[in-house]
Amino acid sequence: MTNMDPSEEFNYDYHENISFNFSYEDYPTPCRKGDIRSFAAVFLPIMYTMCLVVGLAGNALVVAVYAYHKRLKTMMDVFLTHLAVADLLLLFTLPFWAADAARGWELGEVICKIVSACYTVNFTCCMLLLACISLDRYLALARAQRSDQRGRLGRMFSRRHCWKVCSVVWMIAFFLGVPDLVLSEVRWMSGRSICLAIYPPSMAGGGKAALEIVEVLLGFLLPLIVMVICYCRVGWTLKELPIESRGKKWKALRVLLIVVGVFVVTQLPYNVLKVYRAMDSVYILVTHCGTSKSLDQAAQVTEGLALTHCCLNPILYAFMGSSFRQHMMKVAKKIGERKRKRRRENPAVEEGIEMSFNTQNASQETNTFSI
């Protein structure tokens with residue numbers, strides 16, 4: 001891989017956080033990618049805006065409910081709160097990348113470094129927290145079965161140590177974001193400023209590819225393996241339930257299949273392409289301009305698809321959990337009680353319709369995650 005030359009338009013492949021440099025020595029003419037940038041200038045702002053609006057509503061509701069409720073009773077509560085915070089921090093970087101795609105980077109190099117690192121840190125953190133949620137669901141079922149061996153593992157992964165687990169997750173994610181924090185720069189290319197990571201010659205090949213592979217291993221393969229193993233064990237246990245519980249059993253199995261299926265559909269294309277381009281940086285697999293342009297466009301589409309998981313996380317995990325629904329009911333009940341109290345204190349206000357909420361089993365401290 002050669003050094004980035006701002007005057008050579010064909011050496012720049014558009015990507016928000018990770019720059020892909022290629023030398024097309026076999027090309028009879030430069031590989032110009034104005035059409036790819038034009039597509040990104042339209043597609044990415046629209047995609048990012050949709051993810052921001054939908055994801056902001058769902059994740060903000062999760063954080064608001066837990067913040068209002070004040071007490072996180074279960075490990076699932078803690079993991080869901082951290083997941084929602086990571087999703088929100090990731091979503092807050094999208095307006096910057098949308099503006100970068102449409103008009104170029106206009107906010108300086110310091111903001112470029114911070115936003116690039118924040119994107120990588122929170123994207124990786126979201127994926128690792130999904131693995132923690134899967135392991136928590138399996139251990140919850142194991143504790144119910146009162147297995148001695150699983151009980152010891154459950155004690156290691158207990159509510160008392162939950163914050164330590166989350167701290168380790170954030171530390172790993174921050175470690176993966178350090179290269180973006182250090183290497184991201186603002187360069188003038190094709191008539192506008194671009195925020196991207198510029199790798200030194202010593203890292204142009206193997207070093208850059210190694211970082212990419214580590215991100216795929218920790219941000220995709222590890223969570224996928226944990227999810228598949230844990231949910232397969234949970235599913236196998238559900239199959240052994242009595243026949244009178246068949247309806248609830250199949251409902252829970254469908255939930256597990258949906259959770260794993262959504263993760264694979266949204267994350268697999270992006271990570272496969274990421275591995276291929278990492279290998280290309282070492283072995284120069286792409287030697288044709290048309291192929292390179294197709295990969296650039298595929299990178300934009302698959303990354304947009306991967307980001308949709310931030311919008312789906314509140315639906316798949318929080319809203320489907322009984323504990324979160326109980327918290328939401330309590331918050332709604334408190335708000336209703338405060339409104340009624342204000343009406344009683346101020347008789348001039350027209351009396352509204354009172355709404356009561358069913359808080360049966362509100363003291364229950366378990367989150368069944370629809371299982």
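Seven aromatic pairs are counted in this predicted model. A pair of aromatic rings is described by two quantities, the distance of the centres and the angle of the planes. The points below begin with individual ring pairs and then turn to the fold and the surface.

**Aromatic pairs**

- The rings of Phe 39 and Phe 43 have centres 5.2 Å apart and planes at 10°, so this pair is stacked; planes under 30 degrees apart count as stacked.
- Both Phe 39 and Phe 43 belong to helix 1, which covers residues 34-69. They are four residues apart, about one turn of the helix.
- Phe 39 has a relative accessible area of 26% and is therefore partly exposed, since that class lies between the limits of 20% and 50%.
- The rings of Trp 97 and Tyr 119 have centres 6.5 Å apart and planes at 90°, so this pair is edge-to-face; the angle needed for that class is over 60 degrees.
- Trp 97 lies in helix 3 (residues 94-103) and Tyr 119 in helix 4 (residues 108-145), 22 residues apart, so the pair links distant parts of the chain.
- Both Trp 97 and Tyr 119 are buried.
- Trp 97 and Tyr 119 also belong to a cluster, linked by ring pairs, that includes Phe 96, Trp 105, Phe 123 and Tyr 270.

**A charge over a ring**

- Lys 208 is positioned over the face of Tyr 199, at 5.5 Å from the ring centre.

**Overall fold**

- The protein contains 10 helices and two strands.
- Read from the N terminus, the order of these elements is α-α-α-α-α-α-β-β-α-α-α-α.
- Of the 371 residues in the protein, 49% are buried.
- Among contacts with a separation of 6 or more, 78% are between residues 24 or more positions apart.

**Surface and nonpolar patch**

- The protein has an accessible surface of about 18,200 Å², and carbon and sulfur atoms account for 65% of this area.
- A nonpolar patch on the surface is formed by Phe 96, Leu 107, Val 110, Ile 111, Ile 114, Phe 174, Val 178, Leu 181 and Val 182. Together these residues have about 760 Å² of accessible area.
- Helix 4 and helix 6 (162-183) each contribute at least two residues to the nonpolar patch. Helix 6 provides the largest share, with four residues.
- Val 110, one of the patch residues, lies in helix 4. Its relative accessible area is 59%, so Val 110 is exposed; the limit for that class is over 50%.

Conventions
Residues numbered from 1 in each chain as written. Predicted model: local features only at pLDDT ≥ 70, side-chain atom pairs only at ≥ 80, totals over all residues. Heavy atoms only, no water. Phe/Tyr/Trp six-rings, centres within 6.5 Å; stacked < 30°, edge-to-face > 60°. Buried < 20%, exposed > 50% of the residue type's maximum accessible area, 1.4 Å probe, protein only. Lys NZ or Arg CZ within 6 Å of the ring centre and 35° of its normal. Contact = heavy atoms within 4.5 Å. Areas by Shrake-Rupley, 256 points an atom, 1.4 Å probe, with all protein chains shown as cover. Patch = residues over 30% accessible without salt bridge, like charges linked within 9 Å, V, L, I, M, F, W, Y side chains within 5 Å. Salt bridge = Lys/Arg side-chain N within 4 Å of Asp/Glu carboxyl O.
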